[in-house]
Structure formats: structure tokens, C-alpha cells
Amino acid sequence: MLIFILALFGFALWSIVPLDRDVFGRDGLMLGLDLKGGSYLVYEADLSEIAPDDRAEVMDGMKGVIERRINALGITEPIIQVQEQEGKHTIAIQLPGVSDVERAKELIGQVGILEFREQNEQGEWIPATGTVDGKELTLTSRYFKENTYVDLDQVGRPLLIFEWDETGRQLSEQITGRMIGKPLGIFLDDEPLRGEDGHPIAPIVRSVISSRGQIEGLSLADAQDLSTTLNYGRLPAQLGHWEEEDGSAVFIPEVPLYERTVDATLGADSVQKSLLAGAIGVALLLAFMISYYRVPGLIACLSLGVYGTLLLSIFKLFGITLTLPGVAAFILSLGMAVDANVLIFERMKEELRAGRTPGAAVEAGFNRAWTAIRDSNITTFIACLVLFWFGGALGAFMVRGFAITLFIGVALSMFTAIVVTRTFLRLILGRRVALRPSAYGVSE
Amino acid sequence: MIDFVGKKRWFFLASAIAVLVGIVCLSVFGLKPGTDFVGGTAITFHFSEPVEQSQLREEMTSLGYGDAMIQNAGGGYFLVHLGEVSSAEANDLAEALGTELGCEATVEDYYLASPRVGADTAWDAVIAVAVAAGAMLVYIAWAFRRMPKPFRWGTCAIIALVHDVFIVVTVFSILGQVAGVEVDAMFITGLLAVVGYSINNTVVIFDRIRENMGKHISSDFAETVNSSIVETLGRSVNTALTTLFVLLALFLFGGVTIHYFVLVLILGVVIGTYSSICISSQILVVWEKRQWGQLFSWLPFAK
């Protein structure tokens with residue numbers, strides 16, 4: 001058993017060791033935006049023009065568009081989630097470490113459009129335009145039919161096939177007609193569309209394109225994503241939120257349903273203060289345990305060390321995002337993790353006072369304290385489950401961090417108290433120091 | 001042995017007074033709902049130089065934000081609750097405040113919730129607390145299913161729980177009146193954690209009562225309960241202490257964002273420990289021994 005604990009501890013320690021290196025990166029602990037700064041935005045989409053059956057698909061397309069745009073901003077690890085609650089479709093966007101929220105919001109708020117461009121004399125890409133019914137129009141994916149799909153050519157390279165509608169056909173004939181031999185630039189939301197090789201896709205026009213066209217050079221995954229985006233993401237579904245006004249729903253564009261932006265300095269300040277508070281709290285805790293329970297107290301401290309290491313390791317291995325309430329739950333769970341030990345030690349003291357030998361007292365302490373530990377911790381589990389549900393509400397996203405941490409913490413604390421503390425205690429029972437009741441804080 | 005059960009009237013009296021104060025405070029002051037519940041914008045400003053709350057209020061009023069709720073969070077941080085203000089407007093406001101107050105002002109935390117989200121969250125919060133309490137009742141009735149009348153045990157635990165939650169809410173009602181402290185989703189989170197903690201303590205004592213009843217240490221239920229309380233007293237106090245150590249450290253040295261959240265937990269631990277010793281087990285004694293009438297026998301009109 002000891003070997004198992006040491007192996008587990010060693011593994012946990014090994015897994016969290018590069019804690020300082022690249023704390024904010026993929027290899028470190030994942031910090032929530034309240035700790036590293038960043039933005040959390042929740043939008044609703046105006047889907048009133050779209051058939052109910054297509055809405056979920058439309059939202060998925062929008063997600064693709066937004067992901068692409070955010071990546072263009074160079075934000076690492078954005079998390080974008082599409083949700084449906086009571087018929088309202090929302091899109092939640094987490095932008096960790098974003099410094100210019102205004103720009104990000106502007107970019108997110110645009111409607112997804114693929115645009116075809118030509119080069120002017122200076123070599124700059126300018127929108128390719130044509131005239132239909134007397135109006136000058138830009139050639140964009142607005143004039144695609146909604147049947148874009150991905151196919152493979154003879155050698156297995158992916159092709160994105162699209163079809164123009166009537167306006168698109170006229171525009172395309174005019175534009176490609178005058179552009180033969182010249183490159184046709186393809187832009188997605190003002191960014192050049194890049195192929196599998198990383199280069200912008202700008203095919204040379206070889207012949208007039210009238211009804212159908214194809215885009216070559218994309219990777220299969222990109223082509224499929226783009227096909228989805230083109231079929232659905234370009235739909236004029238504006239982002240904003242719904243509000244009740246005089247009993248009817250009114251759509252307010254651009255203003256998110258929910259927004260939280262934390263400055264990186266406040267986040268860093270929170271991390272620093274939490275570390276200090278944690279250190280002071282734990283120091284007090286350890287001092288109390290050792291002075292009150294003596295030898296078992298020392299052992300409880302050791303097993304608390306194992307507990308803390310394992311918990312951090314679980315956070316890291318499962319990629320659980322640590323938020324400020326999560327840190328509070330972690331520190332709180334350290335205090336509560338001692339509870340199981342306290343229950344056992346108090347029981348041991350009682351058994352010692354009743355005249356048992358230390359060995360018998362240890363075993364009786366563990367066996368009799370078990371029902372109390374089990375029954376009492378289940379109540380905390382119930383509270384955590386309810387909290388987890390409550391945390392699913394939009395305004396309460398930080399709540400889940402607390403619930404998850406506390407749940408894992410309490411479960412783990414039962415393990416360390418029953419398995420780790422017990423193993424350590426059995427180990428020292430053979431020593432002479434362990435044979436005196438005073439070692440347990442009981443007068444002889 | 002300390003006689004806890006014998007002093008139950010005093011405990012009941014103390015709690016009754018606390019609950020009465022709570023009813024008065026809540027009906028007079030109510031709670032100050034935060035952005036999570038009513039929507040609007042909550043902005044945490046930081047000022048590089050010391051700023052007085054009255055000074056800030058003056059400047060906010062002259063800038064056209066006279067209806068703002070302002071709360072000093074310490075360390076140069078101020079929490080301001082406004083109507084719907086965009087993040088760009090918030091930055092402009094910070095700049096204007098900085099110019100007027102002659103220091104550097106920054107938006108550290110910007111938080112916008114539409115009123116609809118707020119209403120949803122408030123409703124969810126009510127459901128969450130109710131569901132948690134209901135689940136606890138069922139769980140305790142199940143855990144003590146071998147006892148005669150297990151529902152009684154569950155009900156006693158829930159009474160203590162409601163008592164704990166109510167007193168914490170009362171404190172925040174007073175804090176809202178005195179210091180403008182608002183309640184938000186984290187407050188509800190704290191309350192639910194308190195719910196878990198309060199029941200946790202009660203279950204440990206109930207567990208010992210169950211064990212002692214099995215051992216037939218006394219034919220008198222009151223005596224059994226009292227020994228159980230005394231036997232578990234060391235655990236109750238020590239667990240509360242270890243938890244309070246870390247919580248106090250967080251309260252005193254932790255970040256401003258979770259200050260009041262930690263306060264909810266601290267209050268919960270203290271009151272939860274008190275109620276598990278002095279309320280839940282005591283009500284169980286009164287109920288089991290059918291002494292309801294005697295509780296009020298000291299009142300002149302009860303005779």
C-alpha cells in the first residue's frame with residue numbers, strides 16, 4: 001500500500017512539476033479569465049428569419065466563422081460554445097488573454113462573407129465588382145446557392161464546389177471575363193483564404209466562370225469547415241440579444257447578452273493574493289494540527305501534502321480550468337480535507353482514553369469514523385451537484401469552477417484520510433515513540 | 001460533562017431573536033440585488049492614488065452617472081454598479097474619472113448582464129437552494145432509515161439549515177444597508193456551500209446519536225443526545241477551526257473579487273457549527289420527547 005501511495009504521489013508530483021514554466025500555456029494549469037485576464041461574451045442570434053429546423057445548423061456555422069475570426073486575431077485557446085435554452089440560441093465565447101476587446105467584438109459581430117478580389121495597379125487586393133440591373137455589386141459568397149460541398153479530384157485533392165445564383169452568375173461572367181490570366185483573390189472576412197500549404201489561395205482565372213466554380217488547394221478539413229461556413233455562417237443572422245419590451249421580444253444587435261472582461265493586472269493580483277492567503281492559511285492549519293494532535297497531526301499534514309499534490313495533478317491532467325472561486329474552493333477543501341482526519345483522530349483519542357493500545361485505537365478510530373465521514377461528505381456532494389446545475393445558468397459561469405473543485409476535493413480528501421493517513425499511521429506504529437499515549441495528545 | 005441539552009431554551013431563544021432580527025431586517029432593508037440578478041453593468045475601477053468614496057460619488061454624478069451604486073472594495077478598488085454601459089463607455093468613464101481625480105484610473109473588471117439573464121439567474125438561485133434543501137432532507141431520511149421516524153431527523157437537520165441560511169442572508173441584508181454590499185451568483189454559491197457544510201456537521205452528530213442509541217448508553221433520549229454532542233464536540237470545534245483558519249486567511253489576504261463570498265463561507269461555518277450542536281439535535285430531543293408545550297412554559301400566559 002505504501003508503495004502504491006508513493007508511486008501515485010511521485011506520478012502526481014512529476015505531472016505538476018513544470019508548474020511555473022509556462023503556467024499560462026498548454027502545459028501548465030489552465031487558468032480562467034478571472035485569473036489571467038480576458039473576456040467572456042455571450043450573444044444571442046437573431047434567427048427569426050430562419051426555419052426552426054435549420055437553426056442549430058446555422059449556429060454551428062456561425063461558430064465556425066467566429067472561431068476563424070478569433071484565430072485571425074492571434075488569441076490562443078478561445079473556447080466557443082453553442083447552446084440552446086428554451087428556444088433561445090446563444091453562443092458563448094471565451095477569449096483568454098485578449099487585450100483589445102473592442103476589436104474582438106467588432107470582428108465577432110460581422111456577418112461571415114467570402115469575398116472575391118482582384119489586384120489593382122499597385123498590387124493591392126480590391127473587391128471585384130460588376131454591374132447587375134444597373135447596380136454595382138461586389139462578387140461575394142452572398143450569391144452562392146446554399147449547396148456548397150466538398151469533392152475530390154482524380155488524385156484525391158479536396159475541391160470546394162460552389163454554384164452561383166442568377167445575380168452571382170451575371171457578376172461572375174463579367175468579372176472572370178475581364179480577368180482571364182489574372183489572379184482572383186479569395187478573402188474570408190477580410191483575411192486571405194489560406195490553403196493547406198499556408199499560402200493565400202488566389203487562382204489564375206483560365207476561363208469564364210458562369211454557373212459553377214471550385215476552389216482548389218484547401219486541406220480536406222478546411223474545405224469541409226468552409227463549406228459549412230458558406231452554407232450557413234454567411235446567413236444574415238446578426239449577433240446581439242433579445243429583450244422584452246411591452247410584452248414583445250425586441251432584438252438589440254451588437255450588444256451581448258452577457259459580457260465579462262477582467263484586466264490581466266487584476267487577474268495577476270488575484271493569483272498573488274490567493275497564493276499568499278493560501279500559504280498563511282495552510283501554515284496556521286499545519287501548526288494547529290501538529291500542536292493539538294502531535295504525531296497523528298504530523299501525519300495528517302503529510303497526507304495533506306499528498307492531497308494537495310494529487311488535486312493539482314488532477315486539475316492538470318484533466319485540463320480543468322482554475323478560476324478564482326475554484327482557488328477559494330481549493331483552499332477551503334484543504335481545511336475540510338483535514339476534517340476526515342480530525343474525525344478519525346478524535347475517535348482514536350476516545351479509544352485511547354478507554355484504555356486501548358495505540359495499535360487497536362488506530363484501527364478502531366478508522367473503522368468507527370468511517371460512517372460519519374461517508375454520510376457527512378455525501379451532503380457536500382449533493383450541494384456541489386446542485387451548484388453545478390446552477391452554474392450552467394449564463395450569469396453564473398464562475399460557479400461551476402467552485403463546484404467542480406469542491407467536489408473533487410472532498411472525494412479526494414476521503415481517499416487521503418482513509419488510505420494515506422492510515423498507511424502512514426500503521427507505518428509508525430512499530431516505532432517506540434508511537435507507543436505512548438502522549439504522542440497522540442492524550443495524557444497518560 | 002457539559003449539559004447542552006439542558007440549556008436548549010437559551011439556544012432556542014438566541015436563535016429566535018436572530019431570526020426575528022432577520023425578518024425585520026429583510027422586510028425593512030431587503031437585499032441589494034447585484035448585476036447577476038437585475039442586469040446592468042458592474043465595473044471595478046482601480047485608482048492609482050487614494051480616493052474617497054464621497055469624492056468618487058461626486059465625480060460620477062457630475063459625469064452623469066448619479067444613479068450609480070458605489071462600493072469601496074479596498075486597496076484602491078471600487079465596485080460601481082450602473083445601468084447598461086458598453087465596455088467602450090466604461091473605458092471613457094475611467095479616463096474621465098482619472099482626469100478629474102488627478103490619478104490613473106483603469107477598468108479592472110467589466111461585467112455586463114442583460115436584465116433577462118438576471119431574472120433567469122435569480123429564479124435559478126431560488127430553485128437551487130430549494131432543490132438542495134429537498135435533496136438533503138431525502139438523503140438524511142434515507143441515511144437514518146433504520147431509526148424510528150427517519151423523516152424527523154431529516155426535518156430537524158433542514159430546520160437548522162434554513163436557520164443558518166437565514167442568518168447569513170440577514171447579515172448581508174444589514175451589510176447591504178450599511179456598506180452597499182450586493183448579493184450575486186457567488187453569494188448563492190456560498191449559501192449552497194453553507195447548506196452542505198451545515199448538514200455535514202449535523203450528520204456527524206446524528207451519526208453518533210445513532211451509534212449511542214445502538215449501544216443503549218442511556219434510557220433517556222436527552223441524555224444520549226447530550227453525550228453524543230459532548231463526544232463529538234472536539235471534532236466539531238476542531239473542524240470548524242481548521243476550516244476557519246484557511247477562510248480567514250482568504251478573507252484578510254485574498255483578492256477583492258471573492259471577499260464577500262469568503263465572508264458567506266465564514267459565517268456559514270460558524271453558524272453551521274453552532275446550529276448542529278445547539279439547534280438540530282435539540283429540536284430532535286424536543287420532538288422525540290414531545291416537549292413542545294414545555295418550551296413555552298416559562299411564558300406567563302402559557303400556564
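Two strands count as a pair if DSSP finds at least two bridges between them. With that idea in hand, let's look at this predicted model, starting with a sheet in chain A and then moving on to chain B.

**A sheet in chain A**

In chain A, three strands come together as an open sheet, in the order β9-β10-β13, and their pairing is antiparallel. Which strands sit at the edges? They are β9 (149-152) and β13 (212-216) of chain A, each of which pairs on one side only. From one strand to the next, the twist averages 35°.

Now let's zoom in on one pairing. Strand β10 of chain A covers residues 158-163, and four bridges join β9(A) to this antiparallel neighbour. Take A:Y149 as an example: which residue is its bridge partner in β10(A)? The partner is A:I161.

**Chain B as a whole**

Chain B holds ten helices and four strands. If you follow the chain from the N terminus, the elements run α-α-β-α-β-β-α-β-α-α-α-α-α-α.

| Property of chain B | Value |
|---|---|
| Span of the C-alpha trace along its principal axes | about 75 × 40 × 35 Å |
| Buried residues | 50% of the 303 residues |
| Contacts joining residues at least 24 apart, among contacts between residues at least 6 apart in sequence | 75% |

Terms used: Residues numbered from 1 in each chain as written. Chains lettered and ligands numbered in written order. Predicted model: local features only at pLDDT ≥ 70, side-chain atom pairs only at ≥ 80, totals over all residues. Helix = DSSP H or I, 4+ residues; strand = E, 2+ residues; numbered from the N terminus. Axes fitted to C-alpha atoms, helices over the stretch in contact; angles between N-to-C directions. Buried ≥ 20, exposed ≤ 12 C-beta atoms within 10 Å, placed from the backbone. Contact = placed C-beta atoms within 7 Å.
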